[in-house]
Amino acid sequence: MLGFHEELDIIKVSRKGSSNSGRDTILPKAETFMGIYPPSFENLINQFIRLPGIGQKSATRLALYILRSNKEHVENLADSLIEVKEKIKFCSICFNFTDNDPCPICLNENRANGIICVVETPGDQLAIEESGIFKGRYHILHGVLSPLDGIGPADLKIGELISRIDKEGIREIIIATNPTTEGETTASFLFKLLSEKESSLQITRIALGVPMGGDLKYMDRMTLEHSLKSRVPIHL
Ligand SMILES: [Zn+2]
């Protein structure tokens, strides 16, 4: 996999010749701020630039915000950053982030046993959990298969998912990877692996199609194709 600075080089090259009309530009620190600001302020900006989705302008805005904030607020922020690194770990069952292992969801006796929803990241799990619809268990893969990036089955929590089937008496697995090329590849791989492992296991995939409030005129071909293939009978 590429390192952070290698990724920056690619972004720089890909943007050469573009007009870059006012959008944040991600640049390595040496070229961006050398000598313009006091060194400690430059250092703070450069730490913010390393965060995902933060460009030069956003990093400068955040650094100015910190500079103007009172000391107590800044100390609380710094303490939170250290605390999250020291306390948060993976749940040894579902591999979600947690303060305590196993996590509260895995320990919750009121949730349905025998059904696992498989997602790519803790963020995906949180989105489903916030909907309040799913009451079973989760398993976080921590990524998707991506041969071009060198990510294979051994890099994901797939072996750990397989071992849960017998241990927890799993009857259904919902594959809720995202509808991207890598997400679909991962779903197909899991389906084949799981169905070979346990033929009685019910393996389902989240429906992909037209979103609520969507308009068919503006849907892309892939979405329409999935919508038609995933059509369901109407129940009144
Ligand atoms: Zn857990």
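A residue counts as buried if 20 or more other C-beta atoms lie within 10 Å of its own. Keep that cut-off in mind for L156 in this predicted model: L156 has 22 other C-beta atoms within 10 Å, so L156 is buried.

Where does L156 lie? Its place is the loop between β4 (137-140) and α8 (158-167). Leaving aside residues up to four places away in sequence, L156 touches L141, H142 and G143. For G143, which is 13 residues from L156 along the chain, the C-alpha atoms of the two are separated by 6.3 Å.

Now to a pair of helices. The axes of α3 (residues 39-49) and α4 (residues 56-68) come within 8 Å of each other and cross at roughly 125 degrees, which makes α3 oblique to α4. The crossing in which α3 passes α4 is right-handed. On the α3 side, F41, L44, I45, F48 and I49 take part, meeting Q56, A59, T60, L62, A63 and I66 of α4. Sorted by class, this contact has nine nonpolar residues, two polar ones and no charged ones.

A word on confidence before you use the coordinates. Here are some mean values:

| Part | Mean pLDDT |
|---|---|
| Whole protein | 86 |
| Helix α1 (residues 4-15), lowest | 38 |
| β4, highest | 98 |

Of the residues, 86% score at least 70. Over residues 1-30, pLDDT stays under 50, and the model has 23 contacts beyond four places in sequence for this stretch. Helix α1 (residues 4-15) is where confidence is lowest.

Note on methods
Residues are numbered from 1 along each chain as its sequence is written. This is a predicted model: local features need pLDDT of at least 70, side-chain atom pairs count only at pLDDT 80 or more; totals for chains, interfaces and linings use all residues. Axes are lines fitted to C-alpha atoms, for helices over the stretch in contact, and angles run from 0 to 180 degrees between N-to-C directions. Helices (H or I, at least four residues) and strands (E, at least two) are DSSP runs, numbered from the N terminus. Angles under 35 degrees count as roughly parallel, over 145 as roughly antiparallel, 65 to 115 as roughly perpendicular and the rest as oblique. A crossing is left-handed if the near helix is turned anticlockwise from the far one by less than a right angle, and right-handed if clockwise. Two residues are in contact if their C-beta atoms, placed from the backbone, lie within 7 Å. Ala, Val, Leu, Ile, Met, Phe, Trp, Tyr, Cys and Pro count as nonpolar, Asp, Glu, Lys and Arg as charged, and the others, Gly among them, as polar. A residue is buried if 20 or more other C-beta atoms lie within 10 Å of its own, exposed if 12 or fewer, and partly exposed in between; C-beta atoms are placed from the backbone. pLDDT is the predictor's confidence in each residue, from 0 to 100.
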